[in-house]
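Trainee: Could we go through this model together, slowly, so that I learn how to read it?
Mentor: Gladly; have a look, and then ask whatever comes to mind.

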Amino acid sequence: PLPLLLFLCSLPSKPTVAPFPLVLLVLDWLRGRKLSVRLASEKAPFFLLAAALSAVAVIVQYSPGEQHSTLRASWSDPLVGLTNLVFYLGKTLFPVNLSAFYPYPRPLAAHLPALLAQLCLLAALSALVIRSLRSTRVAAAAAGFSLAMLLPVLKLIPFGEEFARADRYTYLPSLGVAILAGIGFDRAWRSGARRARAVLIASGILCALSLAVLSAARSKVWRDTIVLFTDVLEKHPGVAVAYANMGTAYGHRGEYEKELECYRTFLRIRPRRRGIHQNVAVAYQQLGNRAALRGEEASAAAYFAREAESYRILIEEQGESARLYNLLGVALGRSGSYREAVDSLERAIILRPDDPDVYNNLGLALGYLGYLDQSREAFETSIRLAPDALEPRANLEELLQSIRPARPPRPGEHEVRPDNR
């Protein structure tokens with residue numbers, strides 16, 4: 001059926017749609033449908049797809065190579081998750097002092113009274129919703145809709161991020177509150193006198209104007225990544241992910257020194273966070289390329305040496321891989337450490353003996369060391385593995401014609417950008 005197909009198409013785009021089957025059950029309950037075999041058969045495919053997506057999300061989050069795979073399960077997570085219901089309701093009704101991220105309440109003891117007060121408020125609101133069932137199912141259905149859509153982001157089970165809450169998590173769940181407010185407005189309008197309707201109109205206009213002003217002010221914060229995460233750090237200092245995102249934004253602008261400063265701060269906060277050294281290596285590479293273009297060979301070599309050190313750290317963190325040894329070898333070659341470059345590239349060949357790029361890079365390094373026969377052999381192997389590749393053919397032709405080492409890689413060659421750029 002079409003609804004199932006559309007649900008299937010939506011799953012890869014946004015995992016937060018996984019609770020949609022629960023929303024369908026809420027709607028069936030609101031319409032008075034009773035549980036039956038037919039109802040179960042209708043909803044079973046939706047639940048199976050949602051379960052499959054949830055399993056994939058958990059596997060990806062906790063995979064060893066992921067930056068966000070820090071499992072920090074604690075008894076406090078369900079407590080924080082439950083209080084998030086009250087937090088999101090409050091931000092929906094009173095959208096002030098907003099932030100892209102809200103960190104976990106640490107240390108927990110200092111925040112425990114506030115969390116317990118929120119739990120008491122949650123219990124009181126739940127009692128009101130249950131009591132409303134005596135006259136209508138609308139309030140319970142609206143609450144059920146919001147709860148279902150919030151389930152993936154309540155952080156009842158930790159998913160590794162260092163923040164507990166985010167404003168964007170309320171976009172869909174707030175529809176439940178909006179629907180309930182609209183129904184209440186409609187009923188008040190129908191049953192109210194002329195004066196009461198005037199009050200409703202004035203209240204609606206005041207509310208709309210207030211939200212417009214708040215939205216205009218907030219849109220200035222969302223102008224770009226750097227402004228956004230500067231706002232986060234002003235309200236919640238020490239959120240490491242803000243520094244990581246700001247670093248990436250500075251890299252896109254070409255401000256590599258500021259990018260590196262953000263990454264250094266990130267690593268002071270989260271020294272064991274995997275993957276960030278890939279970004280650090282690329283920033284040093286770009287600085288080295290700039291220095292080389294200015295003719296500052298010593299500075300360029302120093303930047304490339306730091307690039308190589310970042311790849312060594314990545315190898316220690318993620319384990320040996322041909323890709324990382326190839327990148328390490330290229331960085332060492334840029335820094336002038338050709339013997340170390342040869343060792344790294346030969347290690348990459350052991351791990352992946354059919355990579356033509358590694359053989360081409362090895363030919364360059366061997367040529368600089370004066371091993372011309374070995375250099376020619378490496379270029380020929382690269383050409384045999386990738387007959388259409390132009391660079392190894394050009395390097396081999398230059399080697400054969402001049403009987404001298406192949407040219408060094410120009411700034412920008414072998415450039416590797418991180419996945420999130």
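Trainee: Which residues of the largest nonpolar core touch the most other members?
Mentor: They are F101, L150, F229, V232, V239, A242 and M246, out of 27 residues in that core. A nonpolar core here is a set of buried Ala, Val, Leu, Ile, Met, Phe, Trp, Tyr and Cys residues joined through side-chain atoms within 4.5 Å, where buried means under 20% relative accessible area, exposed over 50% and partly exposed in between, with a 1.4 Å probe and protein chains only. Helices α4 (76-93), α9 (225-235) and α10 (240-253) each supply at least two residues of this core.

Trainee: And what is A242 in contact with?
Mentor: Leaving aside neighbours within four places in sequence, A242 is in contact with F229, V232 and L233, contact meaning heavy atoms within 4.5 Å. Apart from this core lies another one of 24 residues, including Y311, A331, L332 and I349.

Trainee: Before I go on, what should I know about where this comes from?
Mentor: This is a predicted model, in which local features need pLDDT of at least 70 and side-chain atom pairs count only at pLDDT 80 or more, while totals for chains, interfaces and linings use all residues. Residues are numbered from 1 along each chain as its sequence is written, and side-chain values use heavy atoms, with hydrogens and water left out.

Trainee: What is the mean pLDDT of the protein?
Mentor: The mean is 86, and 89% of the residues reach 70 or more; pLDDT is the predictor's confidence in each residue, from 0 to 100. Over residues 64-71 the pLDDT stays under 50, and the model has 21 contacts there beyond four places in sequence. Residues 414-421 are also below 50, with 30 contacts beyond near neighbours in sequence.

Trainee: New topic: is helix α6 mostly covered or mostly uncovered?
Mentor: Helix α6 is mostly covered, since 10 of its 13 residues are buried, among them A139, A140, F145 and L150. Helices (H or I, at least four residues) and strands (E, at least two) are DSSP runs, numbered from the N terminus.

Trainee: What does S132 contact, then?
Mentor: Beyond its neighbours within four places in sequence, S132 is in contact with A139 and A140. S132 is found in helix α5 (residues 108-132) and is buried, because its relative accessible area is 16%.

Trainee: And why is S382 called buried?
Mentor: S382 counts as buried because its relative accessible area is 1%.
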